[in-house]
Number of protein chains: 2
Amino acid sequence: MKGPRKDSVRNRARLIDSARAVFAERGFGATLDDVARHAGVGVGTAYRHFPNKQALAAVVLADATEQIAADARDCLAIEDPWDALVTFFERNSARQAEDRGLYERLTGLGDPERQDQIWPGIVADVTTLFTRAQEAGAVRADAAPQDIAAIFALLGPAYEMTRDVSPDLWRRYLALILDGLRATDRPPLPAAPPPAEALDTILKAGKPQR
Amino acid sequence: MKGPRKDSVRNRARLIDSARAVFAERGFGATLDDVARHAGVGVGTAYRHFPNKQALAAVVLADATEQIAADARDCLAIEDPWDALVTFFERNSARQAEDRGLYERLTGLGDPERQDQIWPGIVADVTTLFTRAQEAGAVRADAAPQDIAAIFALLGPAYEMTRDVSPDLWRRYLALILDGLRATDRPPLPAAPPPAEALDTILKAGKPQR
DNA sequence: GAGAACCGGAGATGCCATCTCCGTTAACTG
DNA sequence: CAGTTAACGGAGATGGCATCTCCGGTTCTC
């Protein structure tokens with residue numbers, strides 16, 4: 001019985017690692033050629049291991065998605081409801097700020113099967129996180145769980161600034177937005193929250209479409 | 001003495017109008033061919049009147065920029081400082097929400113000469129608008145004028161959602177952010193504001209770079 | 001050391017936006 | 001109204017760029 005060749009295995013691993021690094025730094029716009037070069041292998045090798053760029057991205061993305069799921073679960077364990085929600089935001093934002101590709105890819109790309117398997121769990125956990133905070137009176141009454149997705153979308157440009165201006169700048173705008181989300185006597189928000197089904201559209205908003 | 005031909009003048013006008021319409025609807029990614037078709041003229045005509053796409057965009061953009069300047073000036077006339085600032089945000093956001101190209105083009109493109117002539121005025125007026133509101137105690141003390149530009153950048157994705165989900169949705173997130181900007185006893189913002197010189201970078205954040 | 005498995009990377013392929021060219025059309029002039 | 005010429009139209013040349021293929025050469029495995 002013949003296992004796969006040793007160099008083949010190694011190259012595959014290198015490609016995945018490099019994909020993670022390259023997509024993180026330069027965004028999903030990076031070429032498979034770039035990834036291959038970074039991995040120190042030829043493009044041909046890349047294409048022998050993965051039918052195309054998306055396939056490779058899907059592998060990398062799967063991990064990332066699970067991390068989000070894990071974050072959500074972890075945060076559910078934090079007692080203070082507001083603190084839990086904020087922590088979730090901070091964890092995720094930190095990841096996205098330092099991984100450009102992550103933000104760009106989160107929706108749309110990735111292995112649909114696994115995505116469809118993981119997302120519902122995330123959505124459920126985040127909704128819980130949100131509802132708990134709202135019921136505790138920490139989140140304004142006129143906010144909705146969908147707003148969480150929207151806020152993540154809004155933060156996109158903040159990450160961009162962070163990269164170009166100063167690290168950690170995103171924290172400023174996350175804090176600003178969270179202050180807006182917090183309960184204090186305020187006039188109700190104008191316009192209804194987006195429909196819950198629009199989640200994908202919301203997340204996709206404001207990033208390189210394709 | 002021979003003036004320019006009548007059809008030439010008309011076509012030029014049509015092209016500019018069409019450019020406004022097409023860029024507004026489909027964004028600056030739209031082709032000059034698209035603009036020409038919309039104007040009911042051939043591409044050749046388009047290229048005879050404008051050396052390239054940017055030149056045409058610059059013309060359209062000039063008007064748009066002056067409108068912003070006008071908005072800022074108008075808002076300075078509003079007595080209540082907070083109300084003035086909010087109105088400025090709302091006017092501008094409304095424009096950007098319905099003109100996709102506007103948001104994409106605001107920085108980077110456009111006739112540099114005229115831009116450089118108009119922008120300083122806008123910046124000055126907006127800074128005044130902001131400072132006034134802050135001194136009146138309506139805006140939190142740890143905010144800075146640069147945050148205005150950042151907020152406009154943050155709203156980019158909100159416009160996108162608006163287009164795909166429901167009109168006016170942007171108002172929800174603008175209100176949310178403004179609530180965060182408002183003074184009420186809050187913990188200070190983490191991370192310093194971006195440097196004032198980074199204005200371009202800030203505005204550009206999170207939109208199709210090129 | 002034979003042969004299969006795998007590699008490398010030059011370049012073929014495909015795509016798409018920008019812009020040119022020139023035969024045709026129609027505005028102006030006398 | 002006929003001659004002149006500015007202006008038009010739009011097929012297609014051009015250029016750039018990312019994706020992916022192909023095959024001579026290399027490396028692993030038994």
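Chain A can be laid on chain B with an RMSD of 0.1 Å by a turn of 180 degrees and a shift of 0.0 Å along the axis (a least-squares superposition on the C-alpha atoms of residues with pLDDT of at least 70 in both copies). That is the relation of a two-fold axis. In chain A, the C-alpha of A:Gly180 is the one nearest the axis, at 1.9 Å.

This is a predicted model, in which local features need pLDDT of at least 70 and side-chain atom pairs count only at pLDDT 80 or more, while totals for chains, interfaces and linings use all residues. Residues are numbered from 1 along each chain as its sequence is written, and chains are lettered from A and ligands numbered from 1 in the order in which they are written.

**Contact between chains A and B**

- The contact takes 35 residues from chain A and 35 residues from chain B (two residues are in contact if their C-beta atoms, placed from the backbone, lie within 7 Å).
- On the side of chain A that touches chain B, the elements giving two or more residues are helix 8 (146-164), helix 9 (169-181) and helix 10 (199-204) of chain A (helices are DSSP runs of H or I with at least four residues, numbered from the N terminus).
- Helix 9 of chain A provides the largest share of that side, ten residues.
- The residues of that side divide into 22 nonpolar, six polar and seven charged (Ala, Val, Leu, Ile, Met, Phe, Trp, Tyr, Cys and Pro count as nonpolar, Asp, Glu, Lys and Arg as charged, and the others, Gly among them, as polar).
- The copies meet through the same surface, because 100% of the interface residues of chain A are also interface residues in chain B.

**Surface near DNA strand D**

- Of the 23 residues around DNA strand D, A:Lys6, A:Asn52, B:Val41, B:Gly42 and B:Gly44 come nearest (a residue is near a strand if its C-beta atom, placed from the backbone, lies within 6 Å of it).
- Helix 3 of chain B gives the most to this surface, with four residues.
- By class, the surface has six nonpolar, eight polar and nine charged residues.

- Helix 4 (residues 53-76) has 24 residues and spans 35 Å from its first C-alpha to its last, close to the 34 Å expected at 1.5 Å a residue (1.5 Å times one less than the number of residues).
- Helix 4 of chain B bends by about 25 degrees at B:Val60 (the angle between axes fitted to the seven residues ending there and the seven starting there).
- Helix 5 (residues 81-98) of chain B has 18 residues and reaches 26 Å from its first C-alpha to its last, close to the expected 26 Å.
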